[in-house]
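Please walk through this structure with a focus on its ligand surroundings and on two individual residues.

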Amino acid sequence: MKIYYEQDADLSLLEGKKIAVLGFGSQGHAHAQNLRDSGLEVIVGQRPGSKNYERAVAAGFKPVSAAEACAAADVIVVLVPDQVQPILYEEAIRPNLKPGKMLMFAHGFNIHFGQIVPPEDIDVTMVAPKGPGHLVRREYERGAGVPALVAVYQDATGKALDRALAYAKGIGAARAGVIETTFQEETETDLFGEQCVLCGGVSALIKAGFETLVEAGYQPEIAYFECCHELKLIVDLIYEGGLAFMRYSISDTAEYGDLTRGPRVIGPAVKEEMKRILEEIRSGQFAREWILENQAQRPVMKALRRREAEHQLEEVGAKLRAMMPWLKK
Ligand code: NAD
Ligand code: MG
Ligand code: MG
Ligand code: MG
Ligand code: MG
Ligand code: MG
């Protein structure tokens with residue numbers, strides 16, 4: 001593993017340059033403010049009439065259109081939603097790319113799967129923080145940073161990695177450590193993680209546990225607490241100290257049940273399915289499916305969202321969460 005820190009990154013590579021941050025959402029608001037606080041010149045590209053436009057103004061920026069920001073900038077960071085990026089690229093970014101500019105991303109999907117094909121005379125890099133934008137901002141303000149991944153897809157200037165590392169330093173990530181990867185590795189592992197473990201795997205696990213208890217005649221409210229609500233306590237322990245600290249904190253009864261029953265729940269069949277899902281990601285099958293789904297106005301996604309919203313778990317959960325007002329932000 002190759003890891004870079006503050007002393008490996010030279011901020012002066014971006015001093016006197018203009019950085020266009022496109023999108024003032026989760027990542028955009030954090031990158032724009034951190035870069036500015038690091039003494040760099042930031043132009044925010046954000047559509048007027050949106051909440052995030054007002055947020056950018058409140059933060060002291062003068063947001064302009066994406067095209068205007070790209071025309072003025074030496075470095076262009078694409079922080080609009082991934083499915084919007086190819087359209088924005090054609091309309092606003094591509095016409096304003098000049099040799100030597102750097103095009104940056106926080107996720108590799110569109111480059112890796114060929115949805116954006118940049119000209120050969122620009123640098124194409126990625127700095128992907130391993131945390132949501134509010135954390136990227138909060139840690140920076142504390143004088144710390146959130147670790148990030150760095151990758152170079154195209155090095156036209158011979159300085160692509162150094163310039164990307166300077167950017168990583170500008171958002172505070174180099175204070176924590178910047179790990180080198182590739183667009184391919186970042187994209188494929190990100191999709192795999194969210195599909196098989198973090199989002200898909202966890203949701204399916206919660207629902208299967210909840211349904212099993214309810215079908216056996218237990219009260220749905222009790223099932224919700226045991227199979228969903230308490231997950232946060234466990235995840236917080238894992239986040240803090242890995243599986244070992246979680247197991248140290250839970251009772252010996254819980255730990256014995258974990259060690260002997262867990263592998264039966266997530267057995268070899270699950271791992272076989274994970275391998276098939278990984279293959280769909282690597283072959284581009286998933287990307288093709290998701291791109292077509294978006295082009296067709298998301299028929300499958302809409303139907304599945306509706307079905308999920310009607311699940312008993314969600315009805316019971318809404319009722320129970322109303323009893324816990326401290327959960328509301
Ligand atoms: P987001 O949805 O929070 O924000 C997107 C911003 O783009 C919003 O300000 C929105 O108003 C703006 N926008 C939408 N459509 C637009 C258009 N047509 N023209 C101009 N602006 C438009 O997005 P995000 O979660 O910050 O994601 C941005 C990138 O960062 C993505 O590539 C994502 O994969 C990556 N990323 C996100 C996270 C995260 O935790 N959210 C972490 C790592 C990487
Ligand atoms: Mg991810
Ligand atoms: Mg993702
Ligand atoms: Mg319990
Ligand atoms: Mg214990
Ligand atoms: Mg218990």
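The paragraphs below take up the ligand shell, then an annotated position, then a loop residue.

This is a predicted model, in which local features need pLDDT of at least 70 and side-chain atom pairs count only at pLDDT 80 or more, while totals for chains, interfaces and linings use all residues. Residues are numbered from 1 along each chain as its sequence is written, and chains are lettered from A and ligands numbered from 1 in the order in which they are written.

Ligand 1 is surrounded by 23 residues, each with its C-beta atom, placed from the backbone, within 6 Å of the ligand. The closest are G23, G25, Q27, N52 and H107. The largest share, three residues, comes from α1. By class, the shell has eleven nonpolar, ten polar and two charged residues. Here Ala, Val, Leu, Ile, Met, Phe, Trp, Tyr, Cys and Pro count as nonpolar, Asp, Glu, Lys and Arg as charged, and the others, Gly among them, as polar.

An unreviewed UniProt entry places the feature "binding site" at S251; UniProt positions are given in the numbering used here, feature names are shortened, and annotations may be inferred rather than shown by experiment. S251 lies in the loop between α12 (231-249) and α13 (252-265). S251 counts as exposed because it has 9 C-beta neighbours inside 10 Å.

D8 sits in the loop between β1 (3-4) and β2 (18-22). D8 has 16 C-beta neighbours inside 10 Å and therefore counts as partly exposed. A residue is buried if 20 or more other C-beta atoms lie within 10 Å of its own, exposed if 12 or fewer, and partly exposed in between, with C-beta atoms placed from the backbone. The C-alpha atoms of D8 and A92 are separated by 33 Å, and the two residues are 84 residues apart along the chain.

Key
Helix = DSSP H or I, 4+ residues; strand = E, 2+ residues; numbered from the N terminus.
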